[in-house]
Amino acid sequence: MGFEVGFVPYNPDGWGPPEAAAAPPSLGGGSASVPFAPFSRSDKLGRIADWTRNPPGPAAFAASRDAVFDFAGLEDSAGLASADDASFRLVDGKPPPRYPRFGPRWRFQQRPQLPQRRDEEVEARRREAEKERARRDRHWQQNRRTHHQFNRFGNNSSAAKPSVDIQPEWTVKEQIPFSSFSKLSFNVADQPEDLLVCGAVEYYDRAFDRVTPRSERRLERFKSRNFFKVTTTDDPVIRRLAENDTATVFATDTILAALMCAPRSVQSWDIVIQRVGNKLFFDKRDGSQLNLLTVNETAQEPLPEAKEDINSAHSLAVEATYINQNFSQQVLQRNSEKVTFDEPNPFATEGEEAASVAYRYRRWKLDDETSLVARCEVHAVNVDPRGERQFLTLNALNEFDPKVTGVDWRKKLETQRGAVLATELKNNANKLARWTAQALLGGADMMKLGYVSRLHPRDHYNHSILSVIGYKPRDFAAQINLNTANMWGIVKSIVDVCMKLGEGKYVLVKDPLKPQVRLYEVPNDAFENDYVEEPLPEEEQVRPFAENVDATAQEMDAVAEAEASGATAGTDGNAEKTAEAAAV
């Protein structure tokens, strides 16, 4: 069966059907009443037939432009339309709604499609965008820390005051921002030379490497051992070396570490510098902040300033120093033979028991005319698997309240040790950097880092050792982004500045509010007994350690013993006598 095209009239005179053409049978059987509207080629073609004609109303005006193609008003067309409408059914042409399916296939389809190929230009733009984002983040963090310091150290806060009272007759010689320190770099040409080693150390007890929060050890108190905090010019060995013109610059590892890590510091500190002839001596004052360990110095949340609060900055600094000293003696082997060196401890008297520490007097050559001698400390020795002797440094981090840091060491040390260390690096960046710098200066082969926590957040007398972890100093320095070339660059720049000054006494002070240090020229009798200096209020002064006895530790021991004693009158009397003896 074929398909008939039908009758198509031909108009030889122009466009369109002829004027009197008969309609084909398929369109109604020869009716000549079908209208045709002439049009030009510039006209826009609309619909052939309006099947959705709107009823009369406000929308009639919009449909008037299509009236030339409106066949509804014709009788014949109306008949044809009514015949077609009888068999017409409206069909919705829209696709059915697709509801989300939460199966694996739906999740796979919702994943963004990664580009299959990235050319070099796209990669370069991405790297530039990442660098710009990192730069903005650093700038934001710096502004936030500065703003945080301003809010934290208000004008009425004691922490906003410098570590030393600035006198009006002092003259500012230099003002160095920390931003200039970050650009410095200096490589020491030769390895340091050991001039002399004094003291005696004990062997490290490897059993503490297996300590976990489930098998924690109580922190003991070592009352009979003495710890010495002797400054540079009071060291008899350094005096002897200076008289023999062994070097031109003299310091200790504590002072050098403070200088090397100065850009990470937040709290104020000061270093006394004496120029005698062609020599420089870097000293610390009696009662200096460098004798205490800071806690949460670089944290975003400030610590309470009230001295009577056990979680204040001052109380935590004393507690951290007390913990660090006892930890360094507890992790040693008991009743083991000590390792002695060239000379005994230069600060201990005959019959006095000194803590396990060895003083290494080392010399670095900065240039052809300048060399530096520093007294460095190591706390223990160990034997490696090859049978060789290793030097160790022993330090301890302390946890005072898990609610403050947001990380509970007893729950996280075994499963998330990296998160605990990352939190400490954020809150104590300066302290950890100083310990690492001291280990590098002392030539330690390993630094042992202990995690010590309170037995209870409100008990600051009793503590437990939760874990001990060892790190190689150079690897740990790379992990915390501590550049040794930058460290020595800072020291070299300060030495060069001081060498250009005349003979006299100077003090380098870290600004309590701004990331910068100032160098003041002070009288020669400054910080001595005959120099009358306006004292700070008693509640704002830092209590110094005694040379031969750790008075602060004894006071804490006495109070702890008094609290732990029974309720009997005799026991209370003994506790009071102990406290009085410690105070004396």
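1. Lys338 is partly exposed in this predicted model, because its relative accessibility is 36%. Its salt-bridge partner is Glu202, with the closest N and O atoms 3.9 Å apart. The two residues are 136 apart in the chain: Lys338 sits in the loop between α8 (313–330) and β7 (339–340), and Glu202 in strand β2 (residues 193–203). Glu202 counts as buried, because its relative accessible area is 5%.

2. This pair belongs to a wider set. Glu202, Arg225, Lys338 and Glu353 form a network of salt bridges. Across the whole structure, the search gives 22 salt bridges.

3. Lys279 pairs with Asp245, and here the closest N and O atoms are 2.7 Å apart. Lys279 is in strand β6 (residues 279–283) and Asp245 in the loop between α6 (236–243) and β4 (249–252), so the bridge ties together parts 34 residues apart in sequence. Lys279 is buried at 12% relative accessibility. Asp245 is exposed at 55%.

4. Asp384 and Arg386 also form a salt bridge, at 3.7 Å between the closest N and O atoms. Asp384 is buried, with 9% relative accessible area. Arg386 is exposed, at 68% relative accessibility.

5. Cavities: the structure holds 5 of 30 Å³ or more.

6. Val5 lies in the segment before α1 (60–63). Val5 counts as exposed because its relative accessibility is 68%.

Definitions and conventions: Residues are numbered from 1 along each chain as its sequence is written. This is a predicted model: local features need pLDDT of at least 70, side-chain atom pairs count only at pLDDT 80 or more; totals for chains, interfaces and linings use all residues. Side-chain values use heavy atoms; hydrogens and water are left out. Helices (H or I, at least four residues) and strands (E, at least two) are DSSP runs, numbered from the N terminus. Buried means under 20% relative accessible area, exposed over 50%, partly exposed in between (1.4 Å probe, protein chains only). On a 1 Å grid over the protein atoms alone, a cavity is a set of points where a 1.4 Å probe fits but cannot get out, and a pocket is an open set with protein on both sides within 12 Å along at least five of seven lines; lining residues have an atom within 4 Å of a point. Grid points are joined across faces, edges and corners, and a volume is the space filled by probe spheres set on the points. A salt bridge is a side-chain nitrogen of Lys or Arg within 4 Å of a carboxyl oxygen of Asp or Glu.
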